[in-house]
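Biologist: Hi, could you walk me through this model? I have a few quick things to ask.

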Amino acid sequence: MAERRIPAPPGRFAGLSPLSFVLLVAAAALVIASLGDVSPSPQRLAEGGPRMARLVSRMLPPDLDPAFLARIGLRIVETLQIALIGTLFGVILSFPFAYASARGVTPFGPFAFLFKAVVSFARTVPDLVWALIFVSAIGLGAVAGTMTIMMDTLGFCGRFYAEAMEDAEEEPREALTAFGASRFGVLMGAVIPDAMPSIIATTLFALEKAVRSSVVLGLVGAGGIGQELKTAFDLFQYEKASTIILAIFIVVLGMEWATDRMRRRLR
Amino acid sequence: MALDEPRAVAAEAAAACRLTGVALSRGGRRVLDGLDLTVGSAERVALIGPNGAGKTSLLNAVVGLAPITAGTVEALGRNLSAAGARAAVRGETGYVFQRHALVKRRTVLSNVLHGLLHRPGAWRAWSAMLAPEAWRAEAMEALAEVGLADRAADRADRLSGGQAQRVAIARALVRSPRLVIADEPTASLDPAAGREVMSLFSRIVAKRGVALLFTTHDMADALAYADRVVALKGGRIVLDRRAPEVMPGELEAVFDG
């Protein structure tokens, strides 16, 4: 017993492999090089500051003309409609894709990745690019916006619905299978109920996200309040622009507040 | 059952299941090794044995959930190797699992209705909202049998462990099974709740006059709630005796050496 020797503690950097070290140094080099290339120089910041102040002063006071406010109100409603209907269609589309691509749930076995790939594609193409595509394909206006939100929602919900289904409890699934339930019966009876809180939370996030992106879709002509914002900036009507920005702020904040409350009520 | 199957009918009258020389391997290991076992149509049989003795594999083999490598399995009068026999047998079998395996976020009634998911038109058994009135009534009957009819509208995750397992039993019974299979139905419960569940379970099975095949680690349960005790070890039957005739210490000996 007296001879027991305690080994020395492992070296401080024992966990860091040479490869990780090289990667770390490379990342640091990349950050430093990029800083020089694209970050604002002190000189430009100094010049930009007063200009920014001048722009803000031209934005004030916001234009509160009742006729203008009414028009903005209508545009806000249209924006919310785009977000709501786009999310609805996106959610409807997401379910079959999630079912087809969820590991352990999919009836397509090794071909599930095809559906996963479609969802990934919908997600990786940015919303403004989708909007450009749909504006070219079906013309200016709110319908292009709705289609854009739909693709955006498919990319988002399709992925997280699938993950929720994959995480659904194993035991009830196996039990229902043993009872002779069909694949679809297992899905509806055991998988979806267990995944439901996660699905609802995802849907609320999607709605919130849809409101935020539907606001900017108008910049490329896909309907909604963004169109007014672009016009205001193009015509140097900065008081109008500030009103619109405030309106957007209120809508997005309101949406976040509402979805937050709903999420908190989930059990 | 069709009348042009005289042999099957004869076998059915005699036994809920009949295993002859059944062998089963998993991962290169022999889990069941030439096993013969016949369970009567209204017999309650407890399977005991150390971990890895092949108890669960035996249960799976009876309903064709595990592919056997030798021998024949006949269940409810059908040879399981025949086409379509497995689905038919499973349709008349009730299962109770080690942990209740209920869908937690659904009501108790919905969970019982899940026992009917093998029926034609089963899309209506997903939940109590969709199910036909007759099916709902059947499920209520099964719930009443386990004494939980008043909890039908509660969510399954609000039940205690013992209550959940009773709902799982109701879910097995609503199928009007002729054979009930239970894999350590009390293993997840405390001893008191386990005894309560097991005594209820055994009583209902006896009243319905159907066969019960259950595994357990609890010798007292095996002796108290089964008509017959079968001990497995290394994939073979080392003891097969009517419960009242088991000698003290005999079961414990199965686990030694």
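Predicted model: local features only at pLDDT ≥ 70, side-chain atom pairs only at ≥ 80, totals over all residues.

Biologist: Okay, and A:Cys157, buried or exposed?

Modeller: A:Cys157 is buried, because its relative accessibility is 0%. B:Cys17 counts as buried too, at 1%. Buried means under 20% relative accessible area, exposed means over 50%, and partly exposed is in between, with a 1.4 Å probe and protein chains only.

Biologist: Switching to strands. How many residues of β8(B) are buried?

Modeller: Five of its five residues, 211-215, so to speak a mostly covered strand. Strands are DSSP runs (E, at least two residues) and helices are runs of H or I with at least four, numbered from the N terminus.

Biologist: Which way do the β8(B) side chains point?

Modeller: B:Ala211, B:Leu213 and B:Thr215 point one way, B:Leu212 and B:Phe214 the other, and all are buried. In a regular strand the side chains alternate between the two faces of the sheet.

Biologist: What does β8(B) pair with in the parallel sense?

Modeller: One partner is β3 of chain B (residues 44-48), over four bridges; there, B:Val45 has B:Leu213 as its bridge partner. Another parallel partner is β7 of chain B (residues 179-183), joined to β8(B) by five bridges. Two strands count as paired if DSSP finds at least two bridges between them. The chain gets from β7(B) to β8(B) through helix α7 of chain B (residues 191-208), in a right-handed β-α-β crossover. Right-handed means that, with the strands pointing away from the viewer, the path from the first strand over the helix to the second runs clockwise.

Biologist: And why is β7(B) called largely enclosed?

Modeller: Because five of its five residues are buried. B:Leu179, B:Ile181 and B:Asp183 point one way, with B:Val180 and B:Ala182 pointing the other. β7(B) also pairs in parallel with β6 of chain B (residues 93-96), over four bridges, and B:Tyr95 has B:Ile181 as its bridge partner. B:Asp183, in turn, is partnered with B:Thr215 in β8(B).

Biologist: What's the strand order in the open sheet of four strands?

Modeller: The order is β2-β1-β4-β5 in chain B, with antiparallel pairing. The edge strands are β2 (29-40) and β5 (78-79), each pairing on one side only. β1 (residues 15-26) and β4 (residues 70-75) of chain B share five bridges, and B:Arg18 stands opposite B:Glu74 in β4(B).

Biologist: New topic: how many salt bridges are there over all chains?

Modeller: The search finds 32. A salt bridge is a side-chain nitrogen of Lys or Arg within 4 Å of a carboxyl oxygen of Asp or Glu.

Biologist: What does B:Arg236 meet in a salt bridge?

Modeller: B:Asp33, at 3.3 Å, N to O. B:Arg236 lies in β10 (residues 236-242) and B:Asp33 in β2 of chain B, so the pair ties together parts 203 residues apart in sequence. B:Arg236 is partly exposed at 48%, whereas B:Asp33 is buried at 18%.

Biologist: And which side chain does B:Arg228 meet?

Modeller: That's B:Glu43, at 3.0 Å, N to O. B:Arg228 is in β9 (residues 228-233) and B:Glu43 in the loop between β2 and β3 of chain B, so this pair ties together parts 185 residues apart in sequence. B:Arg228 is buried at 11%, and B:Glu43 is buried at 17%.

Biologist: Over in chain A, which residues form a salt-bridge network?

Modeller: A:Glu208, A:Arg212, A:Glu256, A:Asp260, A:Arg263 and A:Arg264 are linked in a network. Within it, A:Arg263 and A:Asp260 meet at 3.1 Å, N to O. Both lie in helix α10 of chain A (residues 238-264), three residues apart, about one turn of the helix.

Technical notes: Residues numbered from 1 in each chain as written. Chains lettered and ligands numbered in written order. Heavy atoms only, no water.
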